[in-house]
Every structure is written in C-alpha cells, then in structure tokens.
Amino acid sequence: MRLTVAALGVLVVMTTGNARASTLVFSEGFDSLSALPAAGWVFTNLSASPSQAWFQGNAGVFNALAGAANSYAAANFLSSGAVNGTVANWMITPQINLAGGETITFQVRSEDVAFADGLELRLSLTGSSDTTAFSAPLWSTAAAAAGWTAVSVLVPVQASPVLARMAFVYKSPDALTANYIGIDSLAVAPIPEPASVVLLGLGLVGLATRRRWAACKEVL
C-alpha cells in the first residue's frame, strides 16, 4: 500500500508540473494589430522621418504561420520616409510579470534575404515603454530568413519578480535596402518545474519499495 501511495505522489508531482508548464505567462497571435494599443501595446517609430508603424500582415506578401492568413505583425521599408533613412521601428508589449528564467518564443520571417530586414528583441525590466529603458538586444538578426523561423530566448534571471516589457525593433541602416518583415506566435512560457521535486518523489518510491521487500522477507 505504501508503494501505491508513493507512486501516486510522483504522478501528482509530474502532472502538476506539466499543467503549470502548459500555462503561458503571455501570448499574442496578432489577429488584430488595431486592437493592441487598447491592450497596452506601444508603437514607437524612431526611424529617420518616421512614416509607417507596424501594421497587420499582408497575405499578398506571405501568409501567417498560424490562424488567418494575415494574422501576424508586419513592418517594412516605409517605416522611414527618408531616402537612405535609417529604420528603427519599435513594437512594445504590455507589462508582463517576469521572475527570470522564462522562455520567450516567436516566429519571424522576411520576404527576401537579399534585403537588410533586421530585428531585435529587447527587454525593459522597469516596465517603462520609454525606448531608453530597454536593454541591449537579447537576440538580433541583421537579415531575417525568407521562411518562418522559430526563435527561443531565455529571460535573464532576476533577484525578484518584476513588471517588464518586451520590444521588437525592426532595424535597417538604410530604408532602400530594407523590404518587409513579419512576426507571429509570440509566447512566454513559465519557469520549468524544478527537477529536484520530481527526484524527491522518485526517492520516496524507492524507499517504499525497499520497505515492502523487507516486510516480505520478514514474513518468509
């Protein structure tokens, strides 16, 4: 009987861990960019002669990874209205509770790798949407691939939980060499369950097994 109870204990620990891991801290599928400002998103275009902010994906260029064909966030060379102007177009998330150790995942793609469609992922640990509050890039690419590519980034460990923001920055040194970029399926997964908890449960099973065998020997 002790073995059965201990084994059930391990199953409960493992099941609980899986349930927590499946609950995302934050997610966005970009079904409607027009609805994002009301949800706390901030769009800041710091390009030379800023022109066009991030916009709803254009299915005529390429389809979204998931959902409706246009359900992704897009930015292009029209971010800057200046000839040879620099591109720095920011899309900033709402405040998110982060403890550090979470995993940020998203999908990114361009239309043509011949263009300099760069992207950065930055983090503001103060919760401010001011672009000066963001860290150096946690991840970056100078030219996104011409096909949906999965990106996974770990949130730096913090001394205590903070209200943070993430920022995607579409960047190019010259609008004439930029083209078009898309982001889809953004998610922040929680910190995984400590392996020590599961190991403790396995230890209890081992202990119960030894006791059961000892009891059997005494009867014999």
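Both Phe26 and Trp41 are buried, where buried means under 20% relative accessible area, exposed over 50% and partly exposed in between (1.4 Å probe, protein chains only). The model is predicted: local features need pLDDT of at least 70, side-chain atom pairs count only at pLDDT 80 or more, and totals for chains, interfaces and linings use all residues. Residues are numbered from 1 along each chain as its sequence is written, and side-chain values use heavy atoms, with hydrogens and water left out.

The ring centres of Phe26 and Trp41 are 6.2 Å apart and the planes stand at 40°, so this pair is tilted. Rings of Phe, Tyr and Trp (its six-membered ring) pair if their centres lie within 6.5 Å; planes under 30 degrees apart count as stacked, over 60 as edge-to-face and the rest as tilted. Phe26 belongs to strand 1 (residues 26-28) and Trp41 to the loop between strand 1 and strand 2 (42-45), so the pair ties together parts 15 residues apart in sequence. Helices (H or I, at least four residues) and strands (E, at least two) are DSSP runs, numbered from the N terminus.

The count of aromatic pairs comes to eleven. Another of them joins Trp90 and Phe134: the centres are 5.5 Å apart and the planes at 65°, so the geometry is edge-to-face. Trp90 is in strand 5, while Phe134 is in the loop between strand 8 and strand 9 (139-141), 44 residues apart. Trp90 counts as buried at 7% relative accessibility. Phe134 counts as buried at 8%. One aromatic cluster is formed by Phe55, Phe62, Tyr72, Trp148 and Tyr180.

The charged end of Arg109 sits over the ring of Phe62, 4.0 Å from its centre. The criterion requires NZ of Lys or CZ of Arg within 6 Å of the ring centre and within 35 degrees of the ring normal. Arg109 lies in strand 7. Arg109 is buried but has no salt bridge, and the nearest side chain of opposite charge, Glu111, is 7.7 Å away. For charge, Lys and Arg count as positive and Asp and Glu as negative; His and the chain ends are not counted. Leaving aside neighbours within four places in sequence, the contacts of Arg109 include Phe62, Trp148 and Tyr180. Contact means heavy atoms within 4.5 Å.

Two salt bridges are found in the whole structure. A salt bridge is a side-chain nitrogen of Lys or Arg within 4 Å of a carboxyl oxygen of Asp or Glu. Arg122 bridges to Glu120, with the closest N and O atoms 2.8 Å apart. Both of these residues, Arg122 and Glu120, are buried. Lys171 also meets Glu120 in a salt bridge (3.8 Å, N to O). That pair links distant parts of the chain, with Lys171 in strand 11 and Glu120 in strand 8, 51 residues apart. Lys171 is partly exposed, at a relative accessible area of 32%. Glu120 counts as buried at 12%. Shared partners join Glu120, Arg122 and Lys171 into one network.

The largest nonpolar core has 33 residues, of which Phe30, Trp54, Ile104, Phe106, Met166, Phe168 and Leu186 touch the most other members. A nonpolar core is a set of buried Ala, Val, Leu, Ile, Met, Phe, Trp, Tyr and Cys residues joined through side-chain atoms within 4.5 Å. Elements giving two or more residues to this core include strand 7 (103-110), strand 8 (118-124), strand 11 (162-172) and strand 12 (180-189). Strand 11 gives the most, with five residues. Beyond four places in sequence, Phe30 is in contact with residues including Leu36, Trp41, Met91, Ile183 and Leu186. A second, separate core of seven residues includes Phe62, Ala64, Ala74 and Trp148.

Ala178 is found in the loop between strand 11 and strand 12. Ala178 counts as buried at 3% relative accessibility. Ala178 and Phe77 are 101 residues apart in sequence and 5.1 Å apart in space, C-alpha to C-alpha.

Overall, the protein has two helices and twelve strands. Of its 220 residues, 38% count as buried. Among contacts with a separation of 6 or more, residues 24 or more positions apart account for 82%.
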